Amino acid sequence: MKPSKKALAIALPVLLALGACGTGDGGGGETSGTGGGGTGGGEASNELTVWTWDPAFNIYAMQEAEKVYQKDHPDFKLNIVETPWDDLQTKLTTLAQSQSYDELPDIFLMQNNAYQKNVANYPELFTDITGSGINFADFPESVTAYSTVDGKNYGVPFDAGTAIGAYRTDLLEEAGLKIDDFTDIDYAKFIELGKQIKDKTGKPLLSGQAGSSDTIMMMLQSAGASLFDDAGKPTITNNDALLKSIDTYKQMVDAGIFLEVNSWDEYVATIVNGDVAGTINGVWIAGTIQTAKDQSGKWNITNLPKLDGVANATNYSANGGSSWGVSSNANVELAQDFLKSTFAGSKELYDTILPASGAVANWIPAGSSDVYKQPQEFFGGQPVFEKVVEFGTKVPKNNTGAYYYEGRDAVSAAITQIIQGADPAGALEEAQKNVEFAMN
Amino acid sequence: MTKSIARLPGYIFLTIFAIFSLFPLYFMAVSATNTSKDVLASRLIPGGNLINNFKALTAAQDLGSALWYSALYAVGITVLALIICSIAGYGFEIFHSKGKDFLMSILLLAMMIPFAAIMIPLFQMFAKFSMVNSAWAVILPAISTPFLIMLFRQSSRNFPHEIIEAARIDGLGELSIFTRIYMPTMKATYAAAAVITFMTAWNNFLWPKVILIKNEYQTMPMLVSNLSAGYVTDFGVLMLAVLIASLPAMIVFLALQRSFAEGMTGAIK
Amino acid sequence: MPRTKQSNSDLDTDSTKSSIGKARSRRSSLSKGNFTGLGVAQKRSLTGWAFLIPAALLIAIMNFYPMFQAFFLSMKTGKGANLNYAEPLWYNYKRLLDDEIFMMTMRNTFIYLIVQVPIMLFLALILANLLNNKHLRFKAFWRTAIFLPCAVSLVSYSLVFRTLFSTEGFVNDMLRGIGIIDDPINWLGQGSTARIVIIIGLLWRWTGYNMIFYLAALQNIEYSSLEAAKIDGASSTQTFFYVTLPQLKPMILLTAILSTNGTLQLFDESWNLTRGGPAYESMSMSHYLYEVSFQKNPNFGYAAAISYVILILVAILALTQMKVGDKRD
């Protein structure tokens, strides 16, 4: 008797609350269902819905962009929905696969590496913005290439994945070295310097996740190479740049100058706890480095070492980065004009978001602003961001390919085996086979 | 004296297992009071950063709203699931027949398929009825689970038929027998089922993430996921969020555990 | 589902017992005007069905309908959302056989199943039995401590475990401290040790969970039967094996089926703890399914085929377990 009464006492209010909530939300759902077609999220004609992640970074940038655009369009409003990238990808796939395009936002942020894959599989998700009046030549070709498919532009580049080599000057000094010793060098020299530092300080030069191919992929792109040819076929075997990259990587691990750790958190820990003398990654790693406040003034950045004996090798590369896409359910005119006036046209915007969030622009005109020339105290007074924009223009373009993730993971698996002593040619052949399997 | 010595191995075993269970929790709680850097350095003593972490957390995320929606969904699911599944479990066992056995084994199939595989048709269904973004879309798929039905069915095996017969003789209706006799007697099972269902519902992530498109309806697991999405993760704040996200399930357990584990008092008196 | 003769005779006794009060119950039902003209047995059967309908209907709509869709999907292939029936229809299933990564994930999953589930259920049984002892002290503490892990969200649990098992982490320090190993083990960097970490993680998180079921079931066991065993001079071990265990059988069966099901669909631990690595060596089948659907180029036909393979494997194992464990005695 008692429990059933009690259960009822709990159940009733909850059900009432749910009922109220259900109708309220259902109403919202209906609006977006019927009001769709023109406007993502079913809002008013002066409002845009945006899916993006990271409050400290791209959400913040969007909020500032809203303010910039509001100066000329006082009624304009942004509705930002915080969605981590993995979940955003899952949502996009679910919407596309169930053909519920009405639920799409107007604008979404997408990882550069995922662009080719998503456009190839779900062209219905995107609006072609080639004719939007956005001047894509204001972005480095290597960056617009991510979001360009068959000559059509599907994205406005946001943050740069331009790679930097960041090093602890205090540790370099202990080994009698300076940042200039790491500038414009090749990996043979780099390994030599790394050994020197290891001898003197006992610390490895770099660290990275075991079983991650980030480092290899950066090496590849620095020579304009990739895992796929222009026709999109995997070229994991008979790929000189790849073989050289893997060989270089193995040399560094074997020499103890590249510390392999288990996970991303461990990688971050090696940096902020001062267990390594440097790191090579996309410029966005600067944000993580700067969380180690006790290391302020002890860091410098420079370009990357280049692969030796590989055609078209350079000292520049990229890792990560993301671009804004306009969905097929968008208020296209407004979305395009908004992006054109902000991320592809406002120095003011980039000048605001850089110091506050460290979001380095891909938009080349932004690099000439005074804000980018400011010396950065944390990085020993270097004008870090001006340098990075300059690096960005020199990054060779490469072909990510729609099967980028398949290729990357297959190569990761191969690297794991090679580091454990397997024959590189055999392991890569296996990787090639797995990618080909995924593609058919 | 000899008795307590005889029980010594039991105590040792329990101690080892309790340490094994609690150590990671201790680490989580301690980390919530430390800076990101200390967390990454595996600092095992409490620090003074709890308030800063809390400020950073509430500045970045709407904690109150996430807790409210998580609670709403979890309580809604638990209450409805307990009512619907216990009635079904009771029906299967007490009114046992071959046809019902067959139905049970068919129903069991429903839990054997990975959720990721049915997610898209399910989404399509809710989209068709304009129920995306609604609380019911979160709750409905989680109410009726073969697992809960089976839990109640298996527990009913030890439920004495004589009591039901006696009640029938007294002229009680079938539904009254269920609510007045079965429900109070099976308190332990209800408590266990409530704990488990609440916990699963509270931690449910994939489906709410997909079906709830607006920010306002965000739940705790989504909030935690947001915190580790950026280029820079503050591990102290993350651990605090995770600690807060874990507390309600623990509280529900503490509140209900008396019912199912106060030793052998004899469930059926 | 298998039924023994025993269950039929159960039914028989039911009806004979009920026939005693037949007259009265018939009268009461007549007086209420319900089910006029139906026999008691029929009426009961209808009531029984009525009790099942809400639950069964919900499952049909929320699970079976999408499952049918998934089944048709498993015979389709194509790019993105443009899927057509494959030629032959079982193309995706055939493809699985040639998929080395899928085969590896299947092997991994079975390793988890065979190693982890028996250890976990055995531990849970022992713990529940210890906790059910009247004379045990600090009962609430032990119970809480052992259960709490499963209330923790996966993000923290994986973060904590990765930290503990990092090369310079607590576990290596401890093992070196007591002299078991000389050099740190790269736990997550090798296939075999990565799988061990997942198994330890599973044990940590789910042992208390299963213990709850046993504790709840022990509550329903009549104390007198244990007292009787004690009076007969049985040791506690004997009581456990000959009195407690048989009465717990329905619950053991339930947990075994649940754990088998859970392990074959294992996703969270593989995804959060090891990311399936290194080189797919700790990846579970469900994790691979998720990858094929949402991480890589989406191939939902193929993913649906994987899900049906998992379904069939679970169904076979669950049926076998029922056959072995579901004798009513």
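In this predicted model, A:W51 stands opposite A:F108 in strand β3 of chain A. The two residues belong to a pairing in which strand β1 (residues 47-52) of chain A and strand β3 (residues 107-111) of chain A run parallel and are joined by 2 bridges; strands count as paired if DSSP finds at least two bridges between them, and the elements themselves are DSSP runs numbered from the N terminus, with helices (H or I) of at least four residues and strands (E) of at least two.

Because the model is predicted, local features need pLDDT of at least 70 and side-chain atom pairs count only at pLDDT 80 or more, whereas totals for chains, interfaces and linings use all residues. Residues are numbered from 1 along each chain as its sequence is written, while chains are lettered from A and ligands numbered from 1 in the order in which they are written.

**Sheets of chain A**

The pairing of β1(A) with β3(A) is part of an open sheet of 5 strands, whose order is β2-β1-β3-β12-β6 (chain A) and whose pairing is mixed. At its edges are β2 (77-82) and β6 (155-157) of chain A, each of which pairs on one side only. From one strand to the next the twist averages 25°, where axes are lines fitted to C-alpha atoms, for helices over the stretch in contact, and angles run from 0 to 180 degrees between N-to-C directions. Helix α12 (residues 332-341) of chain A packs on this sheet and touches β1, β3, β6 and β12 (322-326) of chain A, with a direction that makes about 150° with that of β12(A); contact here and below requires C-beta atoms, placed from the backbone, to lie within 7 Å.

A further open sheet consists of 3 strands in the order β10-β7-β11 (chain A), with antiparallel pairing. Its edges are β10 (278-282) and β11 of chain A, each with a single partner strand, so one side of each has no neighbour in the sheet. The twist in this sheet averages 25° from one strand to the next. Between β7(A) and β10(A) the antiparallel pairing extends over 5 bridges, and A:G165 has A:I280 in β10(A) as its bridge partner.

**Helix α15 of chain A**

Helix α15 (residues 384-394) of chain A is largely enclosed by the rest of the structure, because 8 of its 11 residues are buried; buried means that 20 or more other C-beta atoms lie within 10 Å of the residue's own, exposed that 12 or fewer do, and partly exposed covers the range in between, with C-beta atoms placed from the backbone. The buried residues are A:V384, A:F385, A:E386, A:K387, A:V388, A:V389, A:F391 and A:G392. Their cover includes β7 (163-168), β11 (299-302), α13 (347-357) and α14 (370-373) of chain A.

| Chain | Secondary structure | C-alpha box along the principal axes | Buried |
|---|---|---|---|
| A | 17 helices, 12 strands | roughly 70 × 55 × 55 Å | 57% of 440 residues |
| B | 15 helices, 0 strands | roughly 70 × 70 × 30 Å | 59% of 269 residues |

In chain A, among contacts between residues at least 6 apart in sequence, 77% join residues at least 24 apart. In chain B, residues 24 or more positions apart account for 78% of the contacts with a separation of 6 or more.

**Domains of chain A**

By an automatic or database domain assignment, chain A has domain 1 (44-161 + 320-368) and domain 2 (163-317 + 397-439). The C-alpha centres of domain 1 of chain A and domain 2 of chain A lie 29 Å apart, and 15 residues of domain 1 of chain A are in contact with 11 residues of domain 2 of chain A. On the side of domain 1 of chain A that touches domain 2 of chain A, the elements giving two or more residues are α4 (115-121) and α5 (141-144) of chain A, with the largest share, 3 residues, coming from α4(A).

**Contacts of chain C**

In the contact between chain C and chain B, 87 residues of chain C meet 88 residues of chain B. Helix α3 (residues 40-73) of chain C gives the most to the side of chain C that touches chain B, with 18 residues. The contact between chain C and chain A takes 22 residues from chain C and 27 residues from chain A, and on the side of chain C that touches chain A, α5 (100-131), α7 (154-164) and α13 (285-295) of chain C each supply at least two residues.

Definitions and conventions
Two residues are in contact if their C-beta atoms, placed from the backbone, lie within 7 Å.
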